[in-house]
2 protein chains.
Amino acid sequence: MYALSHHNEGLPAIGALPVTCVPCFNGTVISFASGEEVVGTGDPTKNYFRVIRGLFRAVNFTPDGRRQVFAFYTPGDFCGLEPDGTHQLTIEAVDCATMAILPRDACRLRMNDEVNSALFEGATRALALTIDHMMMIGRSSAEERLAWFLTMLAARSGGSRAPVLQLAMQRQDIADYLGLSIETVSRTFTLFKDRGLINLPHKRLVQILRPDALARLAAADRDASPIHLELWEPEAAAA
Amino acid sequence: MYALSHHNEGLPAIGALPVTCVPCFNGTVISFASGEEVVGTGDPTKNYFRVIRGLFRAVNFTPDGRRQVFAFYTPGDFCGLEPDGTHQLTIEAVDCATMAILPRDACRLRMNDEVNSALFEGATRALALTIDHMMMIGRSSAEERLAWFLTMLAARSGGSRAPVLQLAMQRQDIADYLGLSIETVSRTFTLFKDRGLINLPHKRLVQILRPDALARLAAADRDASPIHLELWEPEAAAA
DNA sequence: CGGAATGTTGAGACTAGTCAACCATAGTGG
DNA sequence: CCACTATGGTTGACTAGTCTCAACATTCCG
(Lines give C-alpha, C1' and ligand atoms only; values in the text may rest on other atoms or scores of the structure.)
Protein backbone atom coordinates (compact mmCIF):
# COMPACT_ATOMS: atom_id res chain seq x y z
CA MET A 1 0.00 0.00 0.00
CA TYR A 2 2.54 2.55 1.14
CA ALA A 3 6.12 2.03 0.24
CA LEU A 4 7.09 3.54 3.55
CA SER A 5 5.78 0.73 5.63
CA HIS A 6 7.44 -1.99 3.62
CA HIS A 7 10.96 -1.65 4.90
CA ASN A 8 10.36 -3.91 7.84
CA GLU A 9 9.40 -7.21 6.33
CA GLY A 10 10.81 -10.16 8.20
CA LEU A 11 12.11 -8.14 11.10
CA PRO A 12 11.80 -9.62 14.58
CA ALA A 13 9.59 -8.06 17.21
CA ILE A 14 11.34 -5.94 19.76
CA GLY A 15 11.69 -8.69 22.35
CA ALA A 16 13.72 -10.74 19.93
CA LEU A 17 15.90 -7.97 18.53
CA PRO A 18 19.52 -9.10 18.40
CA VAL A 19 20.95 -5.58 18.17
CA THR A 20 23.68 -4.08 20.30
CA CYS A 21 22.29 -3.45 23.73
CA VAL A 22 23.72 -0.75 25.97
CA PRO A 23 22.47 -0.38 29.55
CA CYS A 24 20.83 2.97 30.21
CA PHE A 25 17.90 4.29 32.21
CA ASN A 26 17.52 0.92 33.93
CA GLY A 27 16.79 -0.31 30.45
CA THR A 28 18.27 -1.16 27.13
CA VAL A 29 19.24 0.92 24.13
CA ILE A 30 18.49 -0.36 20.65
CA SER A 31 19.27 1.03 17.23
CA PHE A 32 16.91 0.90 14.28
CA ALA A 33 17.49 1.22 10.57
CA SER A 34 15.49 3.67 8.48
CA GLY A 35 11.91 2.46 8.19
CA GLU A 36 12.37 -0.26 10.78
CA GLU A 37 9.47 -0.91 13.12
CA VAL A 38 9.79 -0.56 16.90
CA VAL A 39 6.30 -1.79 17.71
CA GLY A 40 3.31 -2.35 15.48
CA THR A 41 -0.43 -2.05 15.83
CA GLY A 42 -1.69 -4.93 17.91
CA ASP A 43 1.63 -5.73 19.60
CA PRO A 44 1.37 -6.25 23.36
CA THR A 45 2.37 -3.19 25.37
CA LYS A 46 5.37 -4.41 27.33
CA ASN A 47 7.56 -1.31 27.33
CA TYR A 48 7.72 2.42 27.24
CA PHE A 49 10.29 4.03 24.97
CA ARG A 50 12.45 7.10 24.93
CA VAL A 51 14.24 8.46 21.91
CA ILE A 52 18.01 8.70 22.29
CA ARG A 53 19.05 9.69 18.78
CA GLY A 54 17.42 10.30 15.40
CA LEU A 55 13.78 10.57 14.39
CA PHE A 56 10.83 8.23 14.87
CA ARG A 57 7.24 8.49 13.69
CA ALA A 58 3.99 7.12 15.08
CA VAL A 59 1.53 6.08 12.36
CA ASN A 60 -1.90 4.56 12.14
CA PHE A 61 -4.03 3.27 9.28
CA THR A 62 -7.76 3.17 8.74
CA PRO A 63 -9.13 -0.21 7.63
CA ASP A 64 -9.32 1.09 4.06
CA GLY A 65 -5.75 2.27 4.02
CA ARG A 66 -5.76 5.97 4.76
CA ARG A 67 -2.69 6.85 6.77
CA GLN A 68 -2.24 9.35 9.59
CA VAL A 69 1.11 10.26 11.10
CA PHE A 70 0.32 10.98 14.69
CA ALA A 71 3.65 12.36 15.84
CA PHE A 72 7.34 12.71 15.14
CA TYR A 73 9.55 11.88 18.10
CA THR A 74 12.93 13.54 18.62
CA PRO A 75 15.59 12.79 21.27
CA GLY A 76 14.18 13.00 24.77
CA ASP A 77 10.60 12.28 23.72
CA PHE A 78 8.71 9.43 25.32
CA CYS A 79 6.53 7.17 23.25
CA GLY A 80 4.61 3.95 23.55
CA LEU A 81 2.53 5.56 26.31
CA GLU A 82 -0.60 3.59 25.51
CA PRO A 83 -2.95 2.55 28.28
CA ASP A 84 -4.33 -0.70 26.90
CA GLY A 85 -2.91 -4.15 26.44
CA THR A 86 -1.95 -3.71 22.81
CA HIS A 87 -0.42 -0.90 20.82
CA GLN A 88 -2.70 1.11 18.62
CA LEU A 89 0.07 3.07 16.95
CA THR A 90 2.95 1.72 14.94
CA ILE A 91 6.27 3.32 15.82
CA GLU A 92 8.94 3.33 13.14
CA ALA A 93 12.38 4.84 12.69
CA VAL A 94 12.38 7.59 10.06
CA ASP A 95 16.14 7.59 9.71
CA CYS A 96 18.72 5.47 11.49
CA ALA A 97 17.82 6.11 15.11
CA THR A 98 18.13 4.85 18.67
CA MET A 99 15.60 4.13 21.38
CA ALA A 100 15.82 3.38 25.10
CA ILE A 101 13.50 0.64 26.30
CA LEU A 102 11.76 0.95 29.68
CA PRO A 103 10.04 -2.24 30.80
CA ARG A 104 6.57 -1.40 32.07
CA ASP A 105 6.85 -3.92 34.89
CA ALA A 106 9.77 -2.06 36.39
CA CYS A 107 7.96 1.28 36.08
CA ARG A 108 4.85 -0.12 37.73
CA LEU A 109 6.83 -1.47 40.64
CA ARG A 110 8.21 1.98 41.29
CA MET A 111 4.88 3.72 41.07
CA ASN A 112 3.15 2.67 44.25
CA ASP A 113 1.25 5.85 44.91
CA GLU A 114 -2.40 5.41 44.06
CA VAL A 115 -3.15 8.98 43.05
CA ASN A 116 -0.11 9.29 40.86
CA SER A 117 -0.68 6.04 39.07
CA ALA A 118 -4.27 7.15 38.43
CA LEU A 119 -2.97 10.46 37.10
CA PHE A 120 -0.54 8.71 34.81
CA GLU A 121 -3.21 6.31 33.62
CA GLY A 122 -5.45 9.31 32.98
CA ALA A 123 -2.79 11.04 30.91
CA THR A 124 -2.10 8.01 28.75
CA ARG A 125 -5.80 7.39 28.30
CA ALA A 126 -6.30 10.99 27.22
CA LEU A 127 -3.53 10.46 24.70
CA ALA A 128 -5.19 7.34 23.35
CA LEU A 129 -8.51 9.14 22.94
CA THR A 130 -6.66 11.91 21.20
CA ILE A 131 -5.15 9.49 18.73
CA ASP A 132 -8.66 8.47 17.72
CA HIS A 133 -9.80 12.05 17.63
CA MET A 134 -6.96 13.17 15.42
CA MET A 135 -7.25 10.14 13.18
CA MET A 136 -10.85 11.14 12.63
CA ILE A 137 -10.21 14.83 12.11
CA GLY A 138 -7.30 14.29 9.79
CA ARG A 139 -8.74 11.70 7.48
CA SER A 140 -12.52 11.53 7.57
CA SER A 141 -15.52 12.88 5.73
CA ALA A 142 -18.33 14.68 7.51
CA GLU A 143 -20.43 11.52 7.62
CA GLU A 144 -17.61 9.50 9.11
CA ARG A 145 -16.97 12.16 11.71
CA LEU A 146 -20.53 12.32 12.96
CA ALA A 147 -20.84 8.52 12.88
CA TRP A 148 -17.66 8.31 14.92
CA PHE A 149 -18.99 10.83 17.40
CA LEU A 150 -22.32 9.08 17.90
CA THR A 151 -20.66 5.68 18.14
CA MET A 152 -18.27 6.99 20.77
CA LEU A 153 -21.10 8.53 22.79
CA ALA A 154 -23.08 5.29 22.56
CA ALA A 155 -20.08 3.29 23.74
CA ARG A 156 -19.52 5.65 26.66
CA SER A 157 -23.14 5.62 27.69
CA GLY A 158 -23.24 1.87 28.16
CA GLY A 159 -23.96 -1.04 25.95
CA SER A 160 -27.59 -0.96 24.89
CA ARG A 161 -28.00 -2.36 21.39
CA ALA A 162 -30.12 0.56 20.17
CA PRO A 163 -29.14 3.34 22.54
CA VAL A 164 -30.85 6.66 22.96
CA LEU A 165 -28.39 9.50 23.46
CA GLN A 166 -29.16 12.67 25.34
CA LEU A 167 -26.82 15.27 23.83
CA ALA A 168 -25.70 17.62 26.57
CA MET A 169 -23.81 19.84 24.15
CA GLN A 170 -25.22 21.94 21.37
CA ARG A 171 -24.53 21.74 17.64
CA GLN A 172 -21.76 24.31 17.78
CA ASP A 173 -19.83 22.21 20.28
CA ILE A 174 -20.21 19.12 18.14
CA ALA A 175 -19.10 21.05 15.07
CA ASP A 176 -16.01 22.43 16.80
CA TYR A 177 -15.20 19.03 18.22
CA LEU A 178 -15.40 17.37 14.81
CA GLY A 179 -13.75 20.18 12.90
CA LEU A 180 -16.86 20.90 10.84
CA SER A 181 -19.18 23.84 10.37
CA ILE A 182 -22.43 23.82 12.29
CA GLU A 183 -24.37 23.67 9.01
CA THR A 184 -22.56 20.53 7.91
CA VAL A 185 -23.28 18.88 11.26
CA SER A 186 -26.92 19.74 10.88
CA ARG A 187 -27.06 18.48 7.31
CA THR A 188 -25.39 15.23 8.29
CA PHE A 189 -27.82 14.64 11.14
CA THR A 190 -30.63 15.08 8.63
CA LEU A 191 -28.89 12.74 6.20
CA PHE A 192 -28.58 10.03 8.85
CA LYS A 193 -32.22 10.47 9.74
CA ASP A 194 -33.35 10.27 6.11
CA ARG A 195 -31.25 7.17 5.67
CA GLY A 196 -32.79 5.53 8.70
CA LEU A 197 -29.62 5.29 10.75
CA ILE A 198 -31.01 7.43 13.57
CA ASN A 199 -34.18 9.03 14.85
CA LEU A 200 -34.34 12.60 16.13
CA PRO A 201 -37.37 12.89 18.42
CA HIS A 202 -35.91 16.17 19.72
CA LYS A 203 -32.84 18.08 18.57
CA ARG A 204 -30.92 16.94 21.61
CA LEU A 205 -32.17 13.36 21.60
CA VAL A 206 -30.70 10.80 19.23
CA GLN A 207 -32.08 7.33 18.95
CA ILE A 208 -29.60 5.09 17.19
CA LEU A 209 -31.50 2.69 14.97
CA ARG A 210 -28.60 0.97 13.26
CA PRO A 211 -25.54 1.04 15.51
CA ASP A 212 -23.75 -1.48 13.27
CA ALA A 213 -24.01 0.71 10.18
CA LEU A 214 -22.90 3.77 12.14
CA ALA A 215 -19.95 1.87 13.58
CA ARG A 216 -18.84 0.74 10.13
CA LEU A 217 -19.03 4.30 8.89
CA ALA A 218 -17.15 5.46 11.96
CA ALA A 219 -14.36 2.97 11.42
CA ALA A 220 -13.80 4.53 8.01
CA ASP A 221 -14.12 1.05 6.64
CA ARG A 222 -14.96 1.97 3.09
CA ASP A 223 -14.28 -1.55 1.90
CA ALA A 224 -17.14 -2.82 4.00
CA SER A 225 -20.60 -3.09 2.49
CA PRO A 226 -21.55 0.25 0.93
CA ILE A 227 -23.65 1.81 3.64
CA HIS A 228 -24.39 4.95 1.66
CA LEU A 229 -26.20 2.96 -0.98
CA GLU A 230 -28.36 0.88 1.30
CA LEU A 231 -32.02 1.68 1.25
CA TRP A 232 -33.99 2.14 4.35
CA GLU A 233 -37.07 -0.02 4.95
CA PRO A 234 -39.47 2.23 6.88
CA GLU A 235 -41.36 -0.65 8.46
CA ALA A 236 -38.20 -1.89 10.15
CA ALA A 237 -37.58 1.39 11.91
CA ALA A 238 -41.16 2.19 12.70
CA ALA A 239 -41.30 -0.64 15.27
CA MET B 1 -11.40 33.83 35.64
CA TYR B 2 -11.10 31.37 38.46
CA ALA B 3 -14.42 30.02 39.56
CA LEU B 4 -12.95 27.62 42.04
CA SER B 5 -14.10 29.46 45.09
CA HIS B 6 -17.77 29.38 44.22
CA HIS B 7 -20.60 26.93 44.06
CA ASN B 8 -19.51 24.40 46.64
CA GLU B 9 -22.50 24.98 48.84
CA GLY B 10 -24.21 21.85 50.03
CA LEU B 11 -21.84 19.43 48.35
CA PRO B 12 -20.41 16.49 50.23
CA ALA B 13 -16.71 16.50 51.03
CA ILE B 14 -14.82 14.25 48.68
CA GLY B 15 -14.26 11.71 51.43
CA ALA B 16 -18.02 11.33 51.71
CA LEU B 17 -18.49 10.44 48.06
CA PRO B 18 -19.35 6.87 47.22
CA VAL B 19 -16.12 4.97 46.77
CA THR B 20 -17.36 3.46 43.54
CA CYS B 21 -17.51 6.91 42.02
CA VAL B 22 -13.94 8.13 42.26
CA PRO B 23 -10.96 7.09 44.35
CA CYS B 24 -10.50 9.17 47.46
CA PHE B 25 -8.44 12.33 47.07
CA ASN B 26 -7.32 14.88 49.56
CA GLY B 27 -8.96 17.50 47.45
CA THR B 28 -12.01 19.66 47.11
CA VAL B 29 -15.14 19.15 45.07
CA ILE B 30 -16.67 22.10 43.29
CA SER B 31 -19.79 22.50 41.20
CA PHE B 32 -20.08 24.62 38.09
CA ALA B 33 -23.08 26.08 36.29
CA SER B 34 -23.62 25.49 32.61
CA GLY B 35 -21.03 27.39 30.61
CA GLU B 36 -18.98 28.31 33.66
CA GLU B 37 -15.22 28.28 33.30
CA VAL B 38 -12.99 26.05 35.42
CA VAL B 39 -9.70 27.41 34.11
CA GLY B 40 -8.97 29.65 31.17
CA THR B 41 -6.16 30.02 28.66
CA GLY B 42 -3.25 31.68 30.37
CA ASP B 43 -4.23 30.79 33.93
CA PRO B 44 -1.39 29.40 36.05
CA THR B 45 -1.45 25.60 36.31
CA LYS B 46 -1.94 25.00 40.01
CA ASN B 47 -4.20 21.95 39.97
CA TYR B 48 -5.20 18.83 38.18
CA PHE B 49 -8.90 18.08 37.89
CA ARG B 50 -11.10 15.04 37.82
CA VAL B 51 -14.75 15.03 36.73
CA ILE B 52 -17.19 13.82 39.35
CA ARG B 53 -20.50 14.51 37.65
CA GLY B 54 -21.79 16.06 34.43
CA LEU B 55 -19.96 17.08 31.28
CA PHE B 56 -17.04 19.43 30.69
CA ARG B 57 -15.36 20.57 27.49
CA ALA B 58 -11.84 21.72 26.71
CA VAL B 59 -11.73 24.46 24.09
CA ASN B 60 -9.13 26.58 22.39
CA PHE B 61 -9.28 29.55 20.04
CA THR B 62 -7.01 30.73 17.28
CA PRO B 63 -6.05 34.41 17.44
CA ASP B 64 -8.62 35.15 14.74
CA GLY B 65 -11.40 33.40 16.56
CA ARG B 66 -11.73 29.93 15.11
CA ARG B 67 -12.71 27.51 17.83
CA GLN B 68 -11.68 23.92 18.41
CA VAL B 69 -13.20 21.67 21.05
CA PHE B 70 -10.37 19.44 22.11
CA ALA B 71 -12.24 16.99 24.31
CA PHE B 72 -15.37 16.27 26.27
CA TYR B 73 -14.77 15.03 29.79
CA THR B 74 -17.16 12.66 31.54
CA PRO B 75 -17.08 11.41 35.15
CA GLY B 76 -13.77 9.77 36.01
CA ASP B 77 -11.79 11.68 33.35
CA PHE B 78 -8.75 13.69 34.34
CA CYS B 79 -8.13 17.10 32.88
CA GLY B 80 -5.83 20.04 33.31
CA LEU B 81 -2.87 17.76 32.59
CA GLU B 82 -0.78 20.47 31.00
CA PRO B 83 2.98 20.47 31.43
CA ASP B 84 3.73 24.18 31.33
CA GLY B 85 3.20 27.01 33.78
CA THR B 86 -0.03 28.23 32.24
CA HIS B 87 -3.08 26.55 30.82
CA GLN B 88 -3.40 26.45 27.07
CA LEU B 89 -6.92 25.03 27.09
CA THR B 90 -9.99 26.55 28.61
CA ILE B 91 -12.10 24.06 30.56
CA GLU B 92 -15.80 24.83 30.90
CA ALA B 93 -18.84 23.05 32.21
CA VAL B 94 -21.25 22.04 29.44
CA ASP B 95 -24.14 21.42 31.79
CA CYS B 96 -24.27 21.78 35.55
CA ALA B 97 -21.32 19.64 36.59
CA THR B 98 -18.86 18.84 39.38
CA MET B 99 -15.10 18.64 39.50
CA ALA B 100 -12.58 17.35 42.04
CA ILE B 101 -9.52 19.57 42.48
CA LEU B 102 -6.09 18.00 42.96
CA PRO B 103 -3.41 20.47 43.99
CA ARG B 104 -0.29 19.86 41.91
CA ASP B 105 1.98 20.50 44.88
CA ALA B 106 0.52 17.58 46.74
CA CYS B 107 0.84 15.33 43.69
CA ARG B 108 4.45 16.34 43.17
CA LEU B 109 5.32 15.58 46.76
CA ARG B 110 4.01 12.09 46.35
CA MET B 111 5.83 11.41 43.10
CA ASN B 112 9.42 11.09 44.19
CA ASP B 113 10.52 8.49 41.68
CA GLU B 114 12.61 10.06 38.96
CA VAL B 115 11.69 7.74 36.13
CA ASN B 116 7.99 7.92 36.85
CA SER B 117 7.88 11.67 37.09
CA ALA B 118 9.74 11.85 33.77
CA LEU B 119 7.20 9.45 32.28
CA PHE B 120 4.33 11.52 33.55
CA GLU B 121 5.92 14.69 32.28
CA GLY B 122 6.41 12.97 28.92
CA ALA B 123 2.76 11.97 28.76
CA THR B 124 1.47 15.45 29.55
CA ARG B 125 3.91 16.99 27.09
CA ALA B 126 2.74 14.61 24.39
CA LEU B 127 -0.79 15.70 25.17
CA ALA B 128 0.14 19.36 24.86
CA LEU B 129 1.80 18.79 21.50
CA THR B 130 -1.27 16.93 20.40
CA ILE B 131 -3.47 19.86 21.30
CA ASP B 132 -1.46 21.99 18.90
CA HIS B 133 -1.50 19.29 16.30
CA MET B 134 -5.24 18.81 16.46
CA MET B 135 -5.89 22.53 16.56
CA MET B 136 -3.94 22.76 13.34
CA ILE B 137 -5.54 19.79 11.62
CA GLY B 138 -9.04 20.77 12.61
CA ARG B 139 -9.01 24.40 11.68
CA SER B 140 -6.28 25.35 9.24
CA SER B 141 -5.69 25.78 5.56
CA ALA B 142 -2.91 23.98 3.74
CA GLU B 143 -0.67 27.04 3.97
CA GLU B 144 -1.20 27.39 7.69
CA ARG B 145 -0.46 23.72 8.21
CA LEU B 146 2.84 23.74 6.40
CA ALA B 147 3.85 27.03 8.03
CA TRP B 148 3.03 25.49 11.40
CA PHE B 149 5.08 22.43 10.58
CA LEU B 150 8.15 24.37 9.48
CA THR B 151 7.89 26.74 12.44
CA MET B 152 7.70 23.81 14.83
CA LEU B 153 10.71 22.14 13.25
CA ALA B 154 12.65 25.39 13.40
CA ALA B 155 11.79 25.83 17.06
CA ARG B 156 12.87 22.28 17.86
CA SER B 157 16.11 22.55 15.97
CA GLY B 158 17.33 25.50 18.03
CA GLY B 159 16.98 29.20 17.77
CA SER B 160 18.81 30.44 14.72
CA ARG B 161 17.05 33.44 13.24
CA ALA B 162 17.07 32.10 9.69
CA PRO B 163 17.35 28.38 10.26
CA VAL B 164 18.11 25.73 7.67
CA LEU B 165 16.10 22.58 8.21
CA GLN B 166 17.22 19.15 7.14
CA LEU B 167 13.99 17.21 6.61
CA ALA B 168 14.52 13.62 7.68
CA MET B 169 11.05 12.58 6.55
CA GLN B 170 9.70 12.52 3.03
CA ARG B 171 6.74 14.35 1.54
CA GLN B 172 4.33 11.51 2.21
CA ASP B 173 5.13 11.63 5.93
CA ILE B 174 4.61 15.37 6.04
CA ALA B 175 1.33 15.03 4.16
CA ASP B 176 0.03 12.33 6.49
CA TYR B 177 1.16 14.32 9.50
CA LEU B 178 -0.64 17.45 8.34
CA GLY B 179 -3.72 15.66 7.03
CA LEU B 180 -3.08 16.79 3.46
CA SER B 181 -2.39 15.06 0.18
CA ILE B 182 1.19 14.83 -0.96
CA GLU B 183 0.37 17.01 -3.97
CA THR B 184 -0.95 19.81 -1.79
CA VAL B 185 2.18 19.68 0.36
CA SER B 186 4.30 19.93 -2.74
CA ARG B 187 2.28 22.80 -4.14
CA THR B 188 2.47 24.68 -0.85
CA PHE B 189 6.24 24.27 -0.68
CA THR B 190 6.42 25.76 -4.14
CA LEU B 191 4.08 28.57 -3.12
CA PHE B 192 6.25 29.46 -0.12
CA LYS B 193 9.31 29.42 -2.32
CA ASP B 194 7.71 31.66 -4.95
CA ARG B 195 6.62 34.02 -2.24
CA GLY B 196 10.13 34.23 -0.80
CA LEU B 197 9.32 32.70 2.57
CA ILE B 198 11.72 29.81 2.09
CA ASN B 199 14.44 28.51 -0.16
CA LEU B 200 14.63 24.91 -1.34
CA PRO B 201 18.25 24.17 -2.27
CA HIS B 202 17.36 20.46 -2.19
CA LYS B 203 13.99 18.75 -1.69
CA ARG B 204 14.98 17.78 1.83
CA LEU B 205 16.63 21.06 2.73
CA VAL B 206 14.57 24.09 3.70
CA GLN B 207 16.12 27.46 4.33
CA ILE B 208 13.68 29.66 6.17
CA LEU B 209 14.04 33.19 4.88
CA ARG B 210 11.22 34.87 6.77
CA PRO B 211 10.56 33.00 10.03
CA ASP B 212 8.36 35.84 11.27
CA ALA B 213 5.97 35.62 8.33
CA LEU B 214 5.85 31.83 8.62
CA ALA B 215 5.16 32.05 12.33
CA ARG B 216 2.31 34.48 11.80
CA LEU B 217 0.82 32.18 9.20
CA ALA B 218 1.31 29.23 11.55
CA ALA B 219 -0.47 30.99 14.38
CA ALA B 220 -3.49 31.33 12.13
CA ASP B 221 -3.41 35.00 12.93
CA ARG B 222 -5.40 36.20 9.99
CA ASP B 223 -5.90 39.59 11.53
CA ALA B 224 -2.20 40.24 11.40
CA SER B 225 -0.69 41.97 8.41
CA PRO B 226 -1.84 40.18 5.28
CA ILE B 227 1.11 37.97 4.49
CA HIS B 228 -0.43 36.52 1.39
CA LEU B 229 -0.52 39.91 -0.26
CA GLU B 230 3.01 40.97 0.51
CA LEU B 231 5.34 41.13 -2.43
CA TRP B 232 8.70 39.60 -2.33
CA GLU B 233 11.76 41.74 -3.02
CA PRO B 234 14.19 39.40 -4.77
CA GLU B 235 17.26 41.40 -3.81
CA ALA B 236 16.57 40.84 -0.12
CA ALA B 237 16.53 37.08 -0.42
CA ALA B 238 19.31 36.80 -2.92
CA ALA B 239 21.82 37.80 -0.27
C1' DC C 1 22.99 4.44 -18.54
C1' DG C 2 18.59 2.67 -17.01
C1' DG C 3 15.15 1.92 -13.70
C1' DA C 4 12.81 2.86 -9.49
C1' DA C 5 11.47 5.89 -6.13
C1' DT C 6 10.38 10.44 -5.02
C1' DG C 7 8.70 14.92 -6.00
C1' DT C 8 6.20 18.57 -8.99
C1' DT C 9 2.72 20.43 -11.93
C1' DG C 10 -1.81 20.67 -14.28
C1' DA C 11 -6.91 19.96 -15.07
C1' DG C 12 -11.17 18.75 -13.37
C1' DA C 13 -14.32 16.95 -9.68
C1' DC C 14 -16.24 17.18 -5.35
C1' DT C 15 -16.67 18.08 -0.46
C1' DA C 16 -17.48 21.21 2.93
C1' DG C 17 -17.54 26.27 4.02
C1' DT C 18 -19.98 30.72 3.68
C1' DC C 19 -23.77 33.60 3.50
C1' DA C 20 -28.49 34.15 3.86
C1' DA C 21 -33.12 32.94 4.73
C1' DC C 22 -36.18 30.32 7.23
C1' DC C 23 -38.13 27.30 11.08
C1' DA C 24 -38.76 25.58 15.97
C1' DT C 25 -38.76 26.10 20.69
C1' DA C 26 -38.85 28.13 25.10
C1' DG C 27 -39.30 31.91 27.93
C1' DT C 28 -41.48 36.58 28.95
C1' DG C 29 -44.72 39.91 29.81
C1' DG C 30 -49.06 42.11 28.71
C1' DC D 1 -53.69 32.78 26.62
C1' DC D 2 -51.37 34.89 23.10
C1' DA D 3 -47.98 37.77 20.62
C1' DC D 4 -43.06 38.85 20.97
C1' DT D 5 -38.36 37.82 21.25
C1' DA D 6 -34.08 35.31 21.68
C1' DT D 7 -31.72 31.34 20.91
C1' DG D 8 -30.73 27.30 18.60
C1' DG D 9 -31.25 24.54 14.58
C1' DT D 10 -32.24 23.61 9.51
C1' DT D 11 -32.14 24.29 4.62
C1' DG D 12 -30.67 26.29 0.12
C1' DA D 13 -27.51 28.49 -3.32
C1' DC D 14 -23.17 29.48 -4.30
C1' DT D 15 -18.06 29.39 -3.72
C1' DA D 16 -13.50 28.04 -2.52
C1' DG D 17 -10.09 24.93 -1.39
C1' DT D 18 -8.37 20.44 -1.48
C1' DC D 19 -8.38 15.80 -3.51
C1' DT D 20 -7.92 12.78 -7.43
C1' DC D 21 -6.05 11.36 -11.50
C1' DA D 22 -2.61 11.89 -14.82
C1' DA D 23 1.56 13.39 -16.82
C1' DC D 24 6.04 14.90 -16.22
C1' DA D 25 10.60 15.96 -13.74
C1' DT D 26 14.20 14.87 -10.61
C1' DT D 27 17.10 12.23 -7.70
C1' DC D 28 19.23 8.17 -6.28
C1' DC D 29 21.54 3.96 -6.95
C1' DG D 30 23.00 -0.17 -8.99
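## The contact between chains A and B

In this predicted model, the contact draws 46 residues from chain A and 43 residues from chain B, two residues being in contact if their C-beta atoms, placed from the backbone, lie within 7 Å. On the side of chain A that touches chain B, β6 (67–73), α1 (104–110), α2 (114–139) and α4 (171–178) of chain A each supply at least two residues, and α2(A) gives the most, with 18 residues. Helices (H or I, at least four residues) and strands (E, at least two) are DSSP runs, numbered from the N terminus.

The residues on that side of chain A comprise 25 nonpolar, 10 polar and 11 charged; Ala, Val, Leu, Ile, Met, Phe, Trp, Tyr, Cys and Pro count as nonpolar, Asp, Glu, Lys and Arg as charged, and the others, Gly among them, as polar.

## Relation of the two copies

Chain A is superposed on chain B by a rotation of 180 degrees with 0.0 Å of shift along its axis (RMSD 0.0 Å), which is the relation of a two-fold axis. The superposition is by least squares on the C-alpha atoms of residues with pLDDT of at least 70 in both copies. Of the interface residues of chain A, 87% are also interface residues in chain B, so the copies meet through the same surface.

## The surface near DNA strand C

Among the 17 residues around DNA strand C, A:Ser141, A:Thr184, B:Gln170, B:Ser186 and B:Thr190 come nearest, a residue being near a strand if its C-beta atom, placed from the backbone, lies within 6 Å of it. This surface has 5 nonpolar, 7 polar and 5 charged residues, and α5(B) gives the most to it, with 6 residues.

## Basis of the description

Residues are numbered from 1 along each chain as its sequence is written, while chains are lettered from A and ligands numbered from 1 in the order in which they are written. Because this is a predicted model, local features need pLDDT of at least 70 and side-chain atom pairs count only at pLDDT 80 or more, whereas totals for chains, interfaces and linings use all residues.
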